[in-house]
Amino acid sequence: MNTPTPAHVDGNAAAGVLREVFAVDLTAAVGQCDNCGCAVVLAEARLYTRAPGMVGRCPGCQAILFRVVRGPDRTWLDLRGLRCIEVSLPDS
Amino acid sequence: MARAAVLGRLTWRVGEVRALREETPTARTLILHVPGWPGHQAGQHVDVRLTAPDGYTAVRSYSLANSLANAPDAERVELTVQRVPDGEVSPYLTRILAVGDPLEIRGPVGGWFVWRPDRPEPVQLVAGGSGVVPLMAMIRTHRAASSRAPMRLLYSVRDPEAALYREELADLAASEDGPEVTCVYTRAAPPGRSRAPGRIDADLLAAATWPPEAGPSCYVCGPTGFVERAADLLVAAGHEPARIRTERFGPSGGSR
């Protein structure tokens, strides 16, 4: 690598593991960061995947928004950093 | 089409490799038949799972490259995979996987980085390296749905050899209502190019992309560093951050 590259991707890459648990696509939802209060489309969260699970961080303040760990037959979901999640439901 | 209405539980499906297309020396397109495929939209991706004989699994995300708009085969899935040196999954997919092999996928997933052909506003696509894959799905959907939305692609790639979909992009760009395509090179440009190889900058953006006054929707996909830079340049040029959608796949040479 010639230039230092951040080790993160973004929340888009968590779409599959979240859709296993939720009936809607959570990456298109807007979360409110519990630390700085900003509104974040979860697809735009900074996602760190070099870990036993995935860690989503606020692109504004870097606080942890969510953590997801997928085990062989279960998922652990920690939504500690999301004060609120707004999901668009246009057809209902 | 996969509207976000009532979705069943997301499960793994087994597709069959129907054909393989070498795109560059280090990238190839997997053409899969996936029975029961629910359809997908341009920009969505799938997860691919490989399982070793000892049960160890590796999951990676890959963007869908094909358009299902007016497509004769609704169970066709195309993924273009760039080989990552020392990768765990992409060397298998680009070297060993053969026609007739099964492949486990789940999806489509991701409802944010999506373009729908009923959108009338201009579209600005900005791709770095293999980040062109989901944008190619948008270009193909634009064509297949006969969209009149004016579309431009700015494609930054290492050198001409590394460019994906070169001939198809040239053909589309030459066609009526086709996208305007600008290719720029970071390491080596083809002979006769006035612009020296280098990263994208504000001058290039001003010359080759929609101005903010045109009100385009912007889609930026590529390695994380490229996306951050391109998105910052678009915002600095006056584009509204809310009109810029991004997808990052990590260090250059990343998985999608």
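Reply: Here is a walk along helix 2 of chain B and its contact with helix 3 of chain B. This is a predicted model, where local features need pLDDT of at least 70, side-chain atom pairs count only at pLDDT 80 or more, and totals for chains, interfaces and linings use all residues. Residues are numbered from 1 along each chain as its sequence is written, chains are lettered from A and ligands numbered from 1 in the order in which they are written, and side-chain values use heavy atoms, with hydrogens and water left out.

Helix 2 of chain B covers residues 132–144; helices here are DSSP runs of H or I with at least four residues, numbered from the N terminus. From first C-alpha to last, helix 2 of chain B reaches 18 Å, close to the 18 Å expected for its 13 residues at 1.5 Å a residue (1.5 Å times one less than the number of residues). Eleven of those 13 residues are buried, meaning under 20% relative accessible area with a 1.4 Å probe, protein chains only. Among them are B:Val132, B:Leu135, B:Met136 and B:Ile139.

Now for the partner: helix 3 of chain B spans residues 166–174, and the two pack at about 40° with their axes 12 Å apart. B:Met136, B:Ile139, B:Arg140 and B:Arg143 meet B:Glu168, B:Leu169 and B:Leu172, contact being heavy atoms within 4.5 Å. Just after helix 2 of chain B, B:Ser146 takes a positive phi of about 50°.

Definitions and conventions
Axes are lines fitted to C-alpha atoms, for helices over the stretch in contact, and angles run from 0 to 180 degrees between N-to-C directions. Buried means under 20% relative accessible area, exposed over 50%, partly exposed in between (1.4 Å probe, protein chains only).
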